[in-house]
Amino acid sequence: MALDSKIPAGPLENKWSEYKEHCKLINPANKRKLEIIVIGTGLAGASAAASLGEMGYKVKSFCFQDSPRRAHSIAAQGGINAAKNYQNDGDSVYRLFYDTLKGGDYRSRESNVWRLAEVSANIIDQCVAQGVPFAREYGGLLSNRSFGGVQVQRTFYAAGQTGQQLLLGAYSALERQVALGNVTVYDRHEMLDIVKIEGKARGIIARNLITGELERHFGFAVLICSGGYGNVYYLSTNAMGSNVTAAWKAHKQGAYFANACMTQIHPTCIPVSGDHQSKLTLMSESLRNDGRIWVPKQKGDTRKGNQIPEEERDYYLERRYPAFGNLVPRDVASRAAKERCDAGYGVGTSKQAVFLDFREAINRYGKVECGKHGIENPSDEIIREHGLAVIKEKYGNLFDMYAKITGEDPYQVPMRIYPAVHYVMGGLWVDYELMTSVEGLYCLGEANFSDHGANRLGASALMQGLADGYFVIPYTLGNYLANEIYNKPTPTDHPAFAEAEKNVADRISKLMNVKGKHSVDYFHKRLGKIMWEKCGMARNEQGLKEAIEEIRALRNEYWNNVRIPGTDKEFNPELDKAGRVADFMELGELMCLDALNRKESCGAHFREDSQTPDGEALRNDEEFMYVSAWEFKEAGDWQLHKEELSYSKLMPTQRNYK
């Protein structure tokens, strides 16, 4: 089946302008009659709910946290991209488009990526107007730093707390609409099913996580803004509550799931320290601006990083990729770290880590500061003192976090880092209007597949979430709802609501009645181990086939031997977790199936049987230049649909960062 992506006709750079000029509009009086449901309150969800509320729609906003401010977007550290060219270094909409499409290894939809680059500058203006405290240069202009996969400085930031500050801006806009009565927030509520009537999304079934009661909510449209599914691996940089349930329920109601296997491994994370861990901690990619990544030239070297002399260090990224050095894209940096560790050059007790060293940056900044202060012939100690002050100002909160977690002082010894699961490029398939294959059901932000292809460049997640919520969905949703003004709200006693609620209740009852021997985490850890070892940084046909069989057996065991304490009529986090892990069990199989089907390497999807002689990802454009969109039939059974990808502005080439 051919998928209709609804891409407007005309030149690429005019598509979005043409769409906005010709899409249908709704007058203010009619907007007040239309109810919209938004699932999730991260950057995509909060910005969408705030924008739609401002336009006059009646919005219901749902989050499973105790406050919208606890959405995982708050954890983002390093920055947000935008093509404003403040550094006068040659940046432009085209350059941002080029870097994003190339960074995604030519597996994303060209028109969506151009639109993202086009609206990026508006995002910064919007956030500044909201009071987001971006870092500024001495003269007052907003400051920029570099991120991987680019050769310009386009990343705007607020120390190492960019996600927090952006989310607080969106949250403030959301709360303003709450005060005006345009938005109602339902915290501690989890969406557990989509209600469809005559093929259209018309509402949801939500569970009140405090009382356990099931609730029916009507909406003329439903927006899924629930983030990514990296926690399928158990250990990841995601907040522990992050899950796939909202998107997965939509998938089981007919929304296609696209590029499920595209998982980004972030190269700059604190290494695993033992089986006791429940999550991993990200060290911002912004650290790669000034930090140099290396391993000892001697295998099995047990010396501390600051004891190894310069001539005995292998700055392998600078050696292999001289044009980009330490700022190669995340997938490239992650695989390079794995290769060095697998070859026996890893550091630390586990030997599964590499060094991230700031010695040279401290020295460089120190000399500049001494020059500013007129200090002639400064000693090494004075240079270091001034350099440390600069590093502390730029990255202090990140260095403090590292010290608290590891017990090591990163100002004195190099950080130890290793790749970890971070972001997913896959998600619900959406067309140009962000509508899924179910009419009236939309998907925004990380929960959809649309903008990043096979690998996301750093600082682009915040950009996409806010672009979708502030600048895309207000137009595209109106284009759909213009035909709904003639319809009245559907009462929640409609048979479709009753049936959906019964299905949810039956599933909860089935989980509670298993009464097995093992905890939810016991099964989740086992699933994560299968996924990491056989569908992680490197994949092969044999391993993926084994993983599919192992996951099927594990899922069967889960439904026969999981233990959930308490009842379903109370606050019961273990029950909440159990439903999410059950969804992960099904998702994990689809991810392995998608990876098995895609017999090529592209971006973060690295098939060991498809690589260049020097170990780089080798695409197969003749057979796999398409989006894999999977239709759910039943657990373990999916049908593949393909959205063929074509490019008019930028012709695909083998990625080269050398």
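Select Asp105 to begin: its relative accessibility is 2%, so it counts as buried. Here buried denotes under 20% relative accessible area, exposed over 50%, and partly exposed the range in between, computed with a 1.4 Å probe on protein chains only. The model is predicted, and local features are therefore given at pLDDT of at least 70 and side-chain atom pairs at pLDDT 80 or more, whereas totals for chains, interfaces and linings use all residues. Residues are numbered from 1 along each chain as its sequence is written, and side-chain values use heavy atoms, with hydrogens and water left out.

**Loops with positive phi**

Remain at Asp105 and display its backbone. The residue is not a glycine, yet its phi is positive, at about 55 degrees. Asp105 belongs to the loop between helix H4 (93-103) and helix H5 (110-130). Helix and strand labels follow DSSP runs numbered from the N terminus, with at least four residues (H or I) for a helix and at least two (E) for a strand.

Next, select Lys515, in the loop between helix H13 (495-512) and helix H14 (520-534). Lys515 is likewise a residue other than glycine with a positive phi, near 50 degrees. Is Lys515 buried or exposed? Its relative accessibility is 63%, so Lys515 counts as exposed.

Move to strand E6 (residues 189-197). Eight of its nine residues are buried, so E6 is largely enclosed by the rest of the structure. E6 runs antiparallel to strand E7 (residues 200-208), and eight bridges join them; two strands pair if DSSP finds at least two bridges between them.

**The five-stranded sheet**

Now display the open sheet with the strand order E11-E15-E14-E12-E13, in which the pairing is antiparallel. Its edge strands, each pairing on one side only, are strand E11 (263-269) and strand E13 (313-314). Within the sheet, three bridges join strand E14 (residues 354-357) to strand E15 (residues 415-424), and these two run antiparallel. Phe355 has Arg416 in E15 as its bridge partner.

Follow the chain from E11 towards strand E12 (292-296) and stop at Ser284 in the loop between them. With a relative accessibility of 2%, Ser284 counts as buried. Which residues is Ser284 in contact with, leaving aside its neighbours within four places in sequence? They are Gln77, Gly78, Phe147, Thr268 and Leu398.

**Aromatic pairs and charges over rings**

Rings of Phe, Tyr and Trp (its six-membered ring) pair if their centres lie within 6.5 Å, and planes under 30 degrees apart count as stacked, over 60 as edge-to-face and the rest as tilted. By this rule there are 29 aromatic pairs. Select Tyr395 and Phe399, a stacked pair at 6.4 Å centre to centre with 20 degrees between the planes. Both residues lie in helix H11 (residues 380-406), four residues apart, about one turn of the helix. Tyr395 and Phe399 are both buried.

Then select Tyr442 and Tyr480, an edge-to-face pair at 6.1 Å centre to centre with 65 degrees between the planes. This pair links distant parts of the chain, with Tyr442 in strand E17 (residues 441-443) and Tyr480 in helix H12 (residues 461-481), 38 residues apart. Tyr442 and Tyr480 are both buried. For a cluster linked by ring pairs, select Tyr229, Trp248, Phe257, Phe632 and Trp638.

Two arginines complete the tour. A charge sits over a ring if NZ of Lys or CZ of Arg is within 6 Å of the ring centre and within 35 degrees of the ring normal. Arg115 lies over the face of Trp16, 4.9 Å from the ring centre, and Arg456 lies over the face of Tyr423, 4.0 Å from the ring centre.

How values were computed. Contact means heavy atoms within 4.5 Å.
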